[in-house]
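Hello,

Here is the structure we spoke about. Please have a look, then read my notes below.

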Amino acid sequence: MDEKTLESGKPSPATTYPYSFNPFVFPRSTSFAPGKDLPTFYPISIADTCAVKTITSGAMGWVLGRAMGLVLSSYEAITPPIPVPGQRELPKVPWREQLTLSGRAIGEKSASWGRNFLFFSAMISGMECLVDKSRGRHDISSVAIAGCATGAVFAAGQGIQAQCLACGGMAAFSAAMEHFMHGSD
């Protein structure tokens, strides 16, 4: 009798699983028939690790945040001041100085948006990957758990009530986005 076969004649569980027990690799379907001997080693794609997913998501969030900061703050930088009755009129600023000040304000706001998007996207992607790998599957529950954890972490300095509200809000938002983007897959 083969050493990989139990006394009942059925293959041992080690040969029937379609994935390795590596906690850093998400299980994926294979084309192997159930009960057949599986290779002892699956090549690990670097893109399947949580670290790469987190870094990639953070980089994309930074780029998107910089772009949104550039677009949205450019409107803020060109808004003229609102005159208040009884206040003296502000002196005219030369256009070169206005351009320099506006560029500086746009750069600062863009950097702030980029940094915020980087932290948010990296955290939610990392949490989602860790939850998926610990549960062994990807579904709306995993996304909601990751959203809850992310919301709670971002509201950490504002008390328990704010953390609970942020947890619930981010979980609902994440689950809704997952359902909207992926449907019932």
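A word on terms before the details: two residues are in contact when they have heavy atoms within 4.5 Å. Please also keep in mind that this is a predicted model.

**Overall**

The protein has five helices and zero strands. Read from the N terminus, its elements run α-α-α-α-α. There are 185 residues, and 23% of them are buried. The accessible surface is about 13200 Å². Carbon and sulfur atoms account for 66% of that surface. I also looked at contacts between residues at least 6 apart in sequence. Of these, 55% join residues at least 24 apart.

**Helix H5**

Helix H5 covers residues 160-182. Does its length fit its number of residues, or what span should we expect? At 1.5 Å a residue, its 23 residues should span 33 Å. The end C-alpha atoms are 32 Å apart, so the model agrees with that value.

Which residues of H5 are buried? They are Cys167, Met170, Ala171, Ser174, Ala175 and Glu178. An α-helix has 3.6 residues a turn, so residues three or four places apart point the same way. The buried residues of H5 pack against two partners: helix H3 (95-135) and helix H4 (140-154). After H5 comes Gly183. The phi of Gly183 is positive, near 65°.

**Ser142 in H4**

Ser142 sits in helix H4. Is Ser142 buried or exposed? Its relative accessible area is 0%, so Ser142 counts as buried; the cut-off for buried is under 20%. The Ser142 side chain makes a polar contact with the side chain of Asp139, at 3.1 Å. Setting aside neighbours within four places in sequence, Ser142 is in contact with Val131, Asp132, Arg135 and Arg137.

**A nonpolar patch**

Last, the surface. Which residues make the nonpolar surface patch? Leu64, Met68, Leu70, Val71, Leu72 and Tyr75 do. Leu70 has a relative accessible area of 47%, so it is classed as partly exposed. That class lies between the cut-offs of 20% and 50%.

Best wishes

Methods:
Residues are numbered from 1 along each chain as its sequence is written. This is a predicted model: local features need pLDDT of at least 70, side-chain atom pairs count only at pLDDT 80 or more; totals for chains, interfaces and linings use all residues. Side-chain values use heavy atoms; hydrogens and water are left out. Patches are made of residues with over 30% relative accessible area and no salt bridge: like charges are joined within 9 Å, nonpolar side chains (Val, Leu, Ile, Met, Phe, Trp, Tyr) within 5 Å. Accessible areas come from the Shrake-Rupley method with a 1.4 Å probe; for residues, only the protein chains shown count as cover. A salt bridge is a side-chain nitrogen of Lys or Arg within 4 Å of a carboxyl oxygen of Asp or Glu. Buried means under 20% relative accessible area, exposed over 50%, partly exposed in between (1.4 Å probe, protein chains only). Helices (H or I, at least four residues) and strands (E, at least two) are DSSP runs, numbered from the N terminus. The expected span of a helix is 1.5 Å times one less than its number of residues. A polar contact is a pair of N or O atoms within 3.5 Å; within protein, one must be able to donate a hydrogen and the other to accept it, and residues adjacent in sequence count only if both atoms are side-chain atoms.
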